[in-house]
Amino acid sequence: MMARISRWLDVEVGTSEIRMNTLPCNISLMDLINDNEFKLLVGDMGIGNESPKLKIFRGTMQISDIVLPDIPLGVVGFYASETMPRPPPLVAVAFGSCVYIYRNLKLFYKYHLPSNKIEESETEIWVKLKHSANEDTVIKLSMDLQGLPHNLCCQSKIFLQMSTEQKLEYLDSVEVPQKELTELACLTTMKMKSTEKMAVSCLIVGTEDGEIVVLDPHTFTEVTKAKINTVKSQPHQIVATGLFNIDYRITVATRNKCVCILKRDWKEGRQLFRTDDHIIAIEVMEFDKSIMVICCDKTFSCYSKKGNKQWWLQLDCRPVAITQVPVTHLGVTLVAVSLVSGHLNLYDGKAKRDSMFVRDIASVIKFGQLGQEEHVFTIITSTGNLMLKILRRTANFTAHAAGIETSSPPIGKPWLIPKKSKLFLEQSMRERENAKAMHVTFHHELNRLRLVAGKTLLEAYTKSDNALGLGALEPVRLAAEVQGLGPIFRMTLSIENTSRDRAVIGLSVLFHTYATSYKVTNPYIKIPLLTPGSKLKFPTKVEEIFTNVNPDIFFRTITGQTEGAMIKVLLLKEGKSNPVLSAVVQMPPTDPMMVPYDKIQATGFVE
């Protein structure tokens, strides 16, 4: 029997200095400064009297930490801008009822979940409780409060857990509840319109009320909201696949032993399948959208994207965590499952391809690029130790590689696998019977698409909302570039004549802005003669106008979010009443640190 060869290289970590208490949802790998050196971000809940912190590691060395106001519920990174060069990603950290957004590891924005109004019947009981002075009345009203059919607010739940003497003291220190804060349960991200590594992503928030909220990456406002299921279900984990602007699937593992699915334009999700025991974690495979589930009954199961159970395994011990292990150069995606026995097993489907033994329980596992290495296993144990394992470049995950014994079925009569399934035959028959109708429908939709494209093109030329010329001005190109941190920007306008034998004369440029938003130093520019093949640049100064500076300006984007943040550049031609060309410039947000001090002081926010 050949000796076992480890596929992993262990990295020495100073375990005596690193102690962390975290969850799988609080760990993320991201390129913080776009230098292709990925950092490890860990939302540490703290051990003992330590306060929660967001810790940043470069390899095995901690380089920074940020004190958090509460216990983190999720840590994710995402890109929110398409400008080039690409700005660094934002870091989102979820707490009880809000999400903190960090830019360059500094607090940039606070998003608070909207509060819910408390039921009138519950409010009426609290009004009576505030005016009650004896124990009998408090006991009777407490029974009435406990008998309400709807879900009570947090203040009512705390009140019902107290003794009668504690309730009387508690009533003197609290007010009648009017609104209930919506609690956050989990957090994830999803690409908007591109699968590129640095593409813009949106935030997806799961609430304790059983709702999924999608936030805009620029304004951090609600884009869409939907219920997880027809029956109220609290989300435990969210996995998003697809693109928000095209088509997507949001898979939600709930605390009610079920997995739900939510698709584009759905206002309410539906249950995909139920499990026999509580769900620990799920993973959605990229290639076929199958769902891997580990449960408390020591099972590891695989479900199809339609919710049908494909196979399941009975594990030796209770599973703790699960993660995908994509090995791109081998063209295989494995699934890693950690057990309470300290073993970390890697599966290709239901076949075990590798097994590692960790001297402690691997409570958090993550696979991906760390530093310059593309295939690194990050492990955080239950005692808070950090372990790193790098995949060898010569590693192979075939059935008999490195002495891994696999069970193979006995050689015998081959399986009778039909070449054509019943579903395939029914689909073929349906296509033959409705061939004409399908052909007519296809051409109808194609003609509709052409009509919509033609109308859009005609409307663009009618409104002169195009950056390319038409007819005699076809060689003329118009472009604009904005530079600066604000509130004073430098806008450079470029006008190019790509023709080889014709010159253009009689042009001028007009800037159209909102008077309450921006002020252009030179709003009208006369363009000299454009010789063939020439390109002229005209710089001008654009200043943002501050009328009312809110104190929350330091935690949000102050410009670039409304229609007033757009400047329209019109190219005019002598003898023509309509503009011949136009370009819409989306002004970038002003950096809050660049806001004039006198503007802030004038509003009375500075003592």
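Which residue's side chain meets that of aspartate 354 in a salt bridge? Select aspartate 354 and arginine 7: the side chains of these two residues form a salt bridge, 3.1 Å from N to O. A salt bridge here is a side-chain nitrogen of Lys or Arg within 4 Å of a carboxyl oxygen of Asp or Glu.

The model on screen is predicted, so local features need pLDDT of at least 70 and side-chain atom pairs count only at pLDDT 80 or more, while totals for chains, interfaces and linings use all residues. Residues are numbered from 1 along each chain as its sequence is written, and side-chain values use heavy atoms, with hydrogens and water left out.

**First stop: a buried pair**

Aspartate 354 is buried, with a relative accessible area of 1%, and arginine 7 is buried as well, at 4%. Buried means under 20% relative accessible area, exposed means over 50%, and partly exposed lies in between (1.4 Å probe, protein chains only).

**Second stop: a pair between loops**

Next, select arginine 255 and glutamate 208, which form a salt bridge with their closest N and O atoms 2.9 Å apart. This pair links distant parts of the chain, 47 residues apart: arginine 255 lies in the loop between strand S17 (247-254) and strand S18 (258-263), and glutamate 208 in the loop between strand S13 (201-207) and strand S14 (211-215). Helices (H or I, at least four residues) and strands (E, at least two) are DSSP runs, numbered from the N terminus. Arginine 255 is partly exposed at 38% relative accessibility, and glutamate 208 is partly exposed at 24%.

Now select glutamate 373 and arginine 393, whose side chains meet in a salt bridge of 3.5 Å, N to O. Glutamate 373 counts as partly exposed at 27%, whereas arginine 393 is exposed at 69%.

The whole structure holds 13 salt bridges.

**Last stop: a negative patch**

Finally, select Glu135, Asp136, Glu165, Glu169 and Asp172, which form a negative surface patch. Patches are made of residues with over 30% relative accessible area and no salt bridge; like charges are joined within 9 Å, and nonpolar side chains (Val, Leu, Ile, Met, Phe, Trp, Tyr) within 5 Å. Helix H2 (135-146) and helix H4 (164-173) are the elements that give two or more residues to the patch. The largest share, three residues, comes from H4. Glutamate 169 lies in helix H4 and is exposed, with a relative accessible area of 59%.

Definitions and conventions
Accessible areas come from the Shrake-Rupley method with a 1.4 Å probe; for residues, only the protein chains shown count as cover. Lys and Arg count as positive and Asp and Glu as negative; His and the chain ends are not counted. The place of a charge is taken as NZ of Lys, CZ of Arg, CG of Asp or CD of Glu.
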